[in-house]
Amino acid sequence: MISIKSEREIELLKVAGDIVGQTHNFLKPYIKPGITTKELDDLAYHFILDHDATPSFKGYDGFPATICASINDEVVHGIPGNRKLKEGDIISIDIGACYKGYHGDSAWTYPVGKISKNKENLLKWTEESLFEGLKAIKHGARIGDIGYNIETSASKHHLGVVKELVGHGVGTDVHEEPDVPNYGKKNTGIVLKSGMVIAVEPMLNLGTADVCMLDDGWTVVTDDGRPSAHFEHTVLVTDDGYIILTKR
Ligand code: MG
Ligand code: MG
């Protein structure tokens, strides 16, 4: 069942999304060489609690932390720990927060200090592909239109589109129906309706699209060890477009 949110639910989803956006803003200045991903996780944890929300991912299927922190060739679901960020790394930080039972979900990939031109392009193009995907959204459009735009944008730059992981609906669960793939054909898939809330989240690789799972059972990495980026917003579908709920 794909839920259409009521006015009241949309208000709560806006607050949850806003807390997620603010948490990103709050973390950004700390993303520097020398900080550990665990330190970033602690900062996010306390920030979310201080805003009357709870971290959506902590305890989700047993995930042990507030944020997912995925460095370089790590695509998603990296577990925060004692690894220190180094100059030239890129780090994807995925944040979910729950406010009065409603969630927001947004990931962003950040440079650590000065990064290579390749990585700079990867970040720029993955962010671009997110907004290309979002452009397809409005009442009456179809899920395939979003994936088509993302895939087309990624292919232009010869980036690998991760297929194993997809976007999703957001509401009283952080992951609801429908799936929102980062690939697809125009005019296919379910029809979007005003009041749906979905997370669109391209994961694009500099090399192969293929990924595998590390032994920790969480961290997804690229098969060829080349870097990956992840950009995600939770948005509300409207009559003529969309509203970003997880704005910075
Ligand atoms: Mg998500
Ligand atoms: Mg996310």
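Student: Where do Glu132 and Lys135 both lie, and how many residues apart are they?
Tutor: This is a predicted model. Glu132 and Lys135 are both in helix α3, with a spacing of three residues, about one turn of the helix.

Student: What do Glu132 and Lys135 form with each other?
Tutor: A salt bridge, in which the closest N and O atoms are 2.8 Å apart.

Student: Is Lys135 buried or exposed?
Tutor: Lys135 counts as exposed, because its relative accessibility is 58% and the cut-off for exposed is over 50%. Glu132 has 27% relative accessibility, so Glu132 counts as partly exposed.

Student: And which residue does Glu120 meet in a salt bridge?
Tutor: Lys117, at 3.2 Å from N to O. Glu120 and Lys117 are in helix α3 (residues 117-135) and lie three residues apart, so about one helical turn separates them. Lys117 is exposed at 55% relative accessibility, while Glu120 is partly exposed at 31%.

Student: How many salt bridges does the structure hold?
Tutor: Six. One of them joins the side chains of Arg83 and Glu74, at 3.2 Å from N to O.

Student: Why does Glu74 count as buried?
Tutor: Glu74 counts as buried because its relative accessibility is 11%, and buried means under 20%.

Student: Switching to the metals. Which residues coordinate the magnesium ion (ligand 1)?
Tutor: Asp105 through OD, His168 through NE2, and Glu201 and Glu232 each through OE, at 2.1 to 2.3 Å. Along the sequence, these donor residues follow the spacing D-x62-H-x32-E-x30-E.

Student: Where in the chain are Asp105 and Glu232?
Tutor: Asp105 is in strand β5 (residues 102-111), and Glu232 is in the loop between β13 (228-230) and β14 (233-237). The pair is 127 residues apart and links distant parts of the chain.

Student: Are Asp105 and Glu232 buried or exposed?
Tutor: Both are buried.

Student: How far apart are the magnesium ion (ligand 1) and the magnesium ion (ligand 2)?
Tutor: The two ions are 3.1 Å apart.

Conventions: Residues numbered from 1 in each chain as written. Chains lettered and ligands numbered in written order. Predicted model: local features only at pLDDT ≥ 70, side-chain atom pairs only at ≥ 80, totals over all residues. Heavy atoms only, no water. Donors = N, O, S within 2.8 Å, 3.2 Å for Na, K, Ca; no water. Helix = DSSP H or I, 4+ residues; strand = E, 2+ residues; numbered from the N terminus. Buried < 20%, exposed > 50% of the residue type's maximum accessible area, 1.4 Å probe, protein only. Salt bridge = Lys/Arg side-chain N within 4 Å of Asp/Glu carboxyl O.
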